[in-house]
Amino acid sequence: MDQARTTISKFLNGEPHSYTRFNLTQNMEGDTSQVEMKLSSDMDEEAGGNGVGDHLNHNSPNKTHVAQKFRRSPKNLCFMAAAALLIFIIGYLIGYLVQRKKDLTPSFPASSFPSLKEAAPVPYETGAAPLMNWGDVKRILAQKLSASNFEEALSGFTSASHRAGSPGDEELRNKVVSKFTEYRMHPWTDVHHVKVQDAPTSGSNRFVFKDGTEERPTGFLSYSANGIVQGAVVYAHYATEEDFMMLANKNLNTSGKVLLVRAGKISYAAKVANAAKMNASAVLIYADPIDYSFGEDTQLFGHVHMGSGDPYTPGFPSFNHTQFPPVQSSGLPKILAQTITPAMATSILRQLGGQDPPAVWACYNKLGDETDGITVEVNNVLAEKKINNIFGVIKGFVDADRYVVIGAQRDAWGPGFAASTVGTGVLVELARSISDMVKNDGFKPRRSILFASFSAGEYGSVGATEWLEGYMSTLGMSAFSYINLDGIVTGRSGFKVAASPLMHNLIGNMLKQVTAPNKDGTLDSQFSKGNWEKNILEPLQMDNAAYPFLAFSGIPSLSFRFTSGDKDYPFFGTKLDTQDKLNIATNGDVPQLAVAAAQFAGQIALRLVHDHLLQMDLKKYSDSIRFQVAQISGRFRSIMRMKPQLLPKSLTVQWLMSAAGSFTRAMQKLGRDIENSDLDNIEKCRILNDRIMTVERNFLSPYVSPTDSPFRHILLGSGAHTLPALYNHLNILGADNHEADADLFHTQFALATWTIQGCAISLAGDIWALENEI
């Protein structure tokens, strides 16, 4: 039987001798695709049957002899019957083995590629672990994750004080190293020397409103400008762009003013950046009692760097041996920023004069006038800190040099139970569970899983970004996804996910497979309300640790969290982020929620290292590109029709539209290549996966410097090179705004066009296999 199976296996896996010829006809936009496929046997028929066999036997002198040799004697009839029986047995065995293969293994989601939508799902086994199907992988992971284990893990990583670079941070570092060593993950340390701003060690930050008492808040905002300013107070609500438009509608001038701003809705850095655009001199941020239910003397901590990483080595790693000229990030503010307590803010609000605020703000204080003078002084101290990122790895059995990264920040301003303790606990528990699956349960991942514990997350994902900067070229070729565990449990009544569009299809599938914390259905049935992209999906923001992985390094990234409905967890950035506070916010279900969070993150990671093909949905990006190109095209044509003098007559959107069509066609070509490939062929599968991996990375504009515009992603990044910025620039041109620059628009328009075209070329495959349409 073993010999028979060996023979059948050789027959099934043998290289086919026929070949396929494609004739592709497509329009510029890639909306249609006609494929003509001819096998070698068809071509033989077209040639009149003069195949290789016919040529060898034509007019052969042995032809009569061969016919005589096979006359119908009884002996020959018995031989033919035996041969027929043998063929029947072989066919039965082939059918049995193929059916068994289908039963054991999962199928790749063909819907990820347009050309495969109509085809039936094709099952593929994991070449590294043929006896463990996906159902068994999920079941074993679920068995290893329990609430009792998380109670112990969270207790072990609870710390009252573990600010980045402090003894408390070092103590937690040693605990993570010990756990990774226990799990035989061969941990190593990545050391950086970073510059951060802390509150003044002697003296203080202070302010004096009118002729009142001097106030000295102990909270602070890292990376604020230092100095003393005087000016009138203006209440600016949340300091969003919409809020400043409403102030402008009231003819209220904010130039030189000190803005009093509520925390929430957008990050501290975004508030200060918006205020700087309005020429304000300083920003005071407080937690309004309407939004935050904590004491009136609560101090707030945070940072105002409009970016991530060490702002004094932008685009470069903060290694101790690296020498850089004096330089700083363009995202550092040039105005003062300071947090104050709710009690301090209430005292100011009660005394403000001036106009009434817009009715939609739903507040009862005035907006302030020139008589509401204030003096603000900030004296933060720049300090260099040594931080340690800790890593451990579970190596893959096929493509060990391709890996998914799972990471969590380890530091916090205070106890940081929701900010970092839960994430660190989930990180270590996933490492324990998956390493045990490999050691004791026979699970053999095709690719590797890298576990990362980052420091200095509270200063703007400093540890994670410095690691990306230090190993950018290596990570760009090898890391195919990042799963962020920061702040994953802040409530129990809601669930939110932010991710690269490439991962949307995978996320939707996992939501239907992961059990909800209350064991009543799945995450999808409990939270999606029939449309997970509408009710669960949210944009990935710059203050999220997953953002630099995506927008700076081009690594598809994912971040998620259990929430308290529409309300944000109020204790981030305070010293009140304790286990007791989180228990109140979750009704005591922190361990159960941690189990569900670990299941969600773990299943996504395991799916990515389990299957032959990476489950990345290229169609989402194709749709996004087409939507944004359509917006730009419509606005461009409107301007050329109404104000043709603004742009060169030779400028056209045809080539941008053509590049979008090229991307769609390249995606379709990849789908056909997958459909026509033997995915049991390790090298072929690796090549296909590498083509998928290039997509996110090639959306990083090669025409801007990471030191000037670190978030180079043209769709999800930040800067004039992005497609949303092109659309906004067209609006500015159309409005005759003084910031409009037709030459700059022309340049960025051309560079964005070729970035998309270059991505399509890379996605399509080998340079000698490119088609004219791509």
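A charge sits over a ring if NZ of Lys or CZ of Arg is within 6 Å of the ring centre and within 35 degrees of the ring normal. Arg607 gives an example: it lies over the face of Trp134, 4.6 Å from the ring centre.

The model is predicted, so local features need pLDDT of at least 70, side-chain atom pairs count only at pLDDT 80 or more, and totals for chains, interfaces and linings use all residues. Residues are numbered from 1 along each chain as its sequence is written, and side-chain values use heavy atoms, with hydrogens and water left out.

The structure holds 29 aromatic pairs. Rings of Phe, Tyr and Trp (its six-membered ring) pair if their centres lie within 6.5 Å; planes under 30 degrees apart are stacked, over 60 edge-to-face, and the rest tilted. Phe391 and Phe454 pair edge-to-face, with 5.9 Å between centres and 80 degrees between planes. Phe391 belongs to strand β12 (residues 381–394) and Phe454 to strand β14 (residues 447–454), so this pair ties together parts 63 residues apart in sequence. Helices (H or I, at least four residues) and strands (E, at least two) are DSSP runs, numbered from the N terminus.

Phe454 also pairs with Trp467. This pair is tilted: 5.9 Å centre to centre, 45 degrees between the planes. Trp467 lies in helix α13 (residues 462–470) and Phe454 in strand β14, so the pair ties together parts 13 residues apart in sequence.

Phe391 is buried at 0%, Phe454 is buried at 3%, and Trp467 is buried at 6%.

Ring pairs join Phe391, Phe454 and Trp467 into a cluster with Trp188, Tyr482 and Phe549.

Technical notes:
Buried < 20%, exposed > 50% of the residue type's maximum accessible area, 1.4 Å probe, protein only.
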